[in-house]
Amino acid sequence: MSEIIVGVVVFPGSNCDHDTEHAVASFSGLKPVMLWHNDHDLQGAKAIILPGGFSYGDYLRAGSIARFSPIMQEVIDFAGKGFPVLGICNGFQVLLESGLLEGALSRNRDKKFLCSRTSIRAVNCSTIFTTLYKEAEVLSIPIAHGEGNYFAPPEVIESLEEHDQVVFKYTDAQGLVTDEANPNGSLRNIAGIINRQGNVLGLMPHPERANDKLLGSLDGRRLFESLFRHISGA
Amino acid sequence: MPYLAKIKVTLRQSILDVQGKAVDHALKNLGYRTVESTRIGKYIEVTINEEGIVEAERIGNEISMKLLSNPVMENYSLELEHIN
């Protein structure tokens, strides 16, 4: 069986690209291919991942300059054709800036850069990224960001909830969505959202940093596994 | 004759400005009791090599909405100055 190619975009300032590459490569049958921001060729990828980091130094706003890079024009077309696109942390910021997802991420409520393990729940387990999770289970996945405070106008928030587009929420250790469990001030504890078509997911937590026993948690692994089952048609 | 576009980008009032809040706190700590509030934004200068002000203004507005500000959480204002 030939290997399925998964593209990992590398912007100047990406710093989770190799963690993401490692996560993809840990599944047999998948081959990660690094895609440079100045290229136009997606090299036959069946899914694209925008990794975490500080693309273009986060100048102006996080993700704002990356959004206009040559590779992103291809990624936007690719997403428009219904192929899966996953944005993690800075990748989520790029997806919002590019208009593939709705809303924006501003500075964390308590001014701090947050780097810690956090509890989240997959509140929609019927997306192509979350089929292997259960709604009731609490996942332990790291966050590392200064601008993860999700904001959108009230009508957008209502529409996201109505169409089950909120996929991950910050919770306490018991899985309750409380204000105390909200690390960054995100509206309604939103940690990740998907587009209406269901093929573009963005989230602030780092599943690629919870993909190996050595890293202390395997809770991120099923996100990749769900996606890879989908693209391999398994 | 080019124009100098002076663009100010500010966070919308409904968005928490944590930088502004930190600086506001510091100003109060310095004893400036009449300082009521502080908001932080960005100031951007772009030189646009256009003959007419109408086209320079169109470009100024377009780049402000497309890249320089994020309309979901920011407002911008544009001022044009004729430079020799």
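## About the model

This is a predicted model, in which local features need pLDDT of at least 70, side-chain atom pairs count only at pLDDT 80 or more, and totals for chains, interfaces and linings use all residues. Residues are numbered from 1 along each chain as its sequence is written, while chains are lettered from A and ligands numbered from 1 in the order in which they are written.

## Chain A as a whole

Chain A holds 5 helices and 11 strands; helices (H or I, at least four residues) and strands (E, at least two) are DSSP runs numbered from the N terminus. Along the principal axes, the C-alpha trace of chain A spans about 45 × 40 × 35 Å.

Of the 234 residues in chain A, 53% are buried (20 or more other C-beta atoms within 10 Å of a residue's own; 12 or fewer is exposed, in between is partly exposed, with C-beta atoms placed from the backbone). Among the contacts of chain A with a separation of 6 or more, 76% come from residues 24 or more positions apart; a contact means that C-beta atoms, placed from the backbone, lie within 7 Å.

## The sheet of chain A

Nine strands may be the place to start: an open sheet of 9 strands runs in the order E2-E1-E3-E4-E11-E10-E9-E6-E7 (chain A), with mixed pairing. Two strands pair if DSSP finds at least two bridges between them. E2 (30–36) and E7 (139–145) of chain A stand at the edges with a single partner strand each, so one side of each has no neighbour in the sheet. On average, neighbouring strands here are turned by 25 degrees against each other, direction ignored; axes are lines fitted to C-alpha atoms, for helices over the stretch in contact, and angles run from 0 to 180 degrees between N-to-C directions.

Strand E11 (residues 200–203) of chain A is covered on both faces, with A:Val200 and A:Gly202 buried on one side and A:Leu201 and A:Leu203 buried on the other. Its parallel partner is E4 (residues 85–88) of chain A, joined over 4 bridges, and A:Ile88 has A:Leu203 as its bridge partner. E4(A) also pairs in the parallel sense with E3 (residues 47–50) of chain A over 3 bridges, where A:Ile49 stands opposite A:Leu86. E10 (residues 190–194) of chain A runs antiparallel to E11(A), with 3 bridges, and A:Ile194 stands opposite A:Leu201. E10(A) and E11(A) form a hairpin with 5 residues between them, and A:Gly198 in the turn has a positive phi of about 85 degrees.

## A buried loop residue and a helix

A:Thr127 sits in the loop between E6 (114–122) and E7 of chain A. It counts as buried because it has 22 C-beta neighbours inside 10 Å. Leaving aside neighbours within four places in sequence, A:Thr127 is in contact with A:Val167, A:Ile194, A:Gly198 and A:Leu201.

In helix H1 (residues 17–25) of chain A, the buried residues are A:Asp17, A:Asp19, A:Thr20, A:Ala23 and A:Val24. They cover an arc of only 160 degrees around the axis, which puts them on the same side of H1(A); the arc is that of the directions from the helix axis to the C-beta atoms. The buried residues of H1(A) pack against E1 (4–10), E2, E3 and helix H5 (221–232) of chain A.

## Chain B and the contact

Chain B has 2 helices and 3 strands, following the pattern β-α-β-α-β along the sequence. Its radius of gyration is 16 Å, whereas a compact globule of 84 residues would have one near 12 Å. Buried residues make up 15% of the 84 residues in chain B.

The 3 strands form an open antiparallel sheet in the order E2-E1-E3 (chain B), with E2 (42–48) and E3 (74–82) of chain B as the edge strands. E1 (residues 3–11) of chain B and E2(B) pair over 7 bridges. Helix H2 (residues 53–68) of chain B lies across E1, E2 and E3 of chain B, at about 155 degrees to E3(B).

The contact between the chains takes 13 residues from chain A and 8 residues from chain B. On the side of chain A that touches chain B, the residues divide into 4 nonpolar, 4 polar and 5 charged (Ala, Val, Leu, Ile, Met, Phe, Trp, Tyr, Cys and Pro count as nonpolar, Asp, Glu, Lys and Arg as charged, and the others, Gly among them, as polar).

Note on methods
Contact = placed C-beta atoms within 7 Å. Rg over C-alpha atoms; globule rule 2.2 N^0.38 Å.
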